[in-house]
Amino acid sequence: MHYYTDVLKKYTVFSGRARRQEYWMFTLFNLIALIIVAVLDNVIGTYPLLYAIYALAVLLPGLAVGVRRLHDTGKSGWWLLIALVPLIGGIWLLVLMATEGQPQPNEYGPNPKAVHA
């Protein structure tokens with residue numbers, strides 16, 4: 001759970017690097033939370049109000065951790081825009097997010113694995 005809260009603490013930190021584990025655990029917890037909020041929203045009859053509020057609240061942290069994840073692979077955060085290319089873009093972004101980060105320090109900072117080890 002600390003992966004989720006750590007990303008939220010870095011709400012708009014677009015600099016630095018993020019490990020694969022940090023990105024994917026945030027994505028998993030965020031998906032679970034979105035499902036819970038959507039079900040709750042449906043049960044109380046306000047769908048999509050709470051869902052939209054939650055989605056907007058985690059939009060910037062999600063973008064920030066995505067940019068930091070791309071930085072770990074040595075890519076610019078602008079590579080997030082590749083997802084706008086139909087079909088191929090989303091697949092390529094998935095590959096980039098799953099790729100192991102550079103083991104050495106790069107222009108975006110030191111290796112986050114070495115910092116946490």
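Mentor: Happy to! Contact here means heavy atoms within 4.5 Å. This is a predicted model, with pLDDT of at least 70 needed for local features and 80 or more for side-chain atom pairs, while totals for chains, interfaces and linings use all residues. Numbering starts from 1 along each chain as its sequence is written, and side-chain values use heavy atoms, without hydrogens or water.

Let's take Asn30, which lies in helix H2 (helices are DSSP runs of H or I, at least four residues, numbered from the N terminus). Asn30 is buried, at 12% relative accessible area (buried is under 20%, with a 1.4 Å probe and protein chains only). Beyond neighbours within four places in sequence, Asn30 touches Tyr4, Tyr54 and Val58.

On the H2 side, the contact is made by Asn30, Ala33, Leu34, Val37, Ala38, Asp41 and Ile44. Leu49, Leu50, Tyr51, Tyr54 and Ala55 make it from H3.

So much for that helix pair. In the contact of H2 with H3, ten residues are nonpolar, one is polar and one is charged (Ala, Val, Leu, Ile, Met, Phe, Trp, Tyr, Cys and Pro are nonpolar; Asp, Glu, Lys and Arg charged; the others, Gly among them, polar).

How values were computed. Helix = DSSP H or I, 4+ residues; strand = E, 2+ residues; numbered from the N terminus. Buried < 20%, exposed > 50% of the residue type's maximum accessible area, 1.4 Å probe, protein only.
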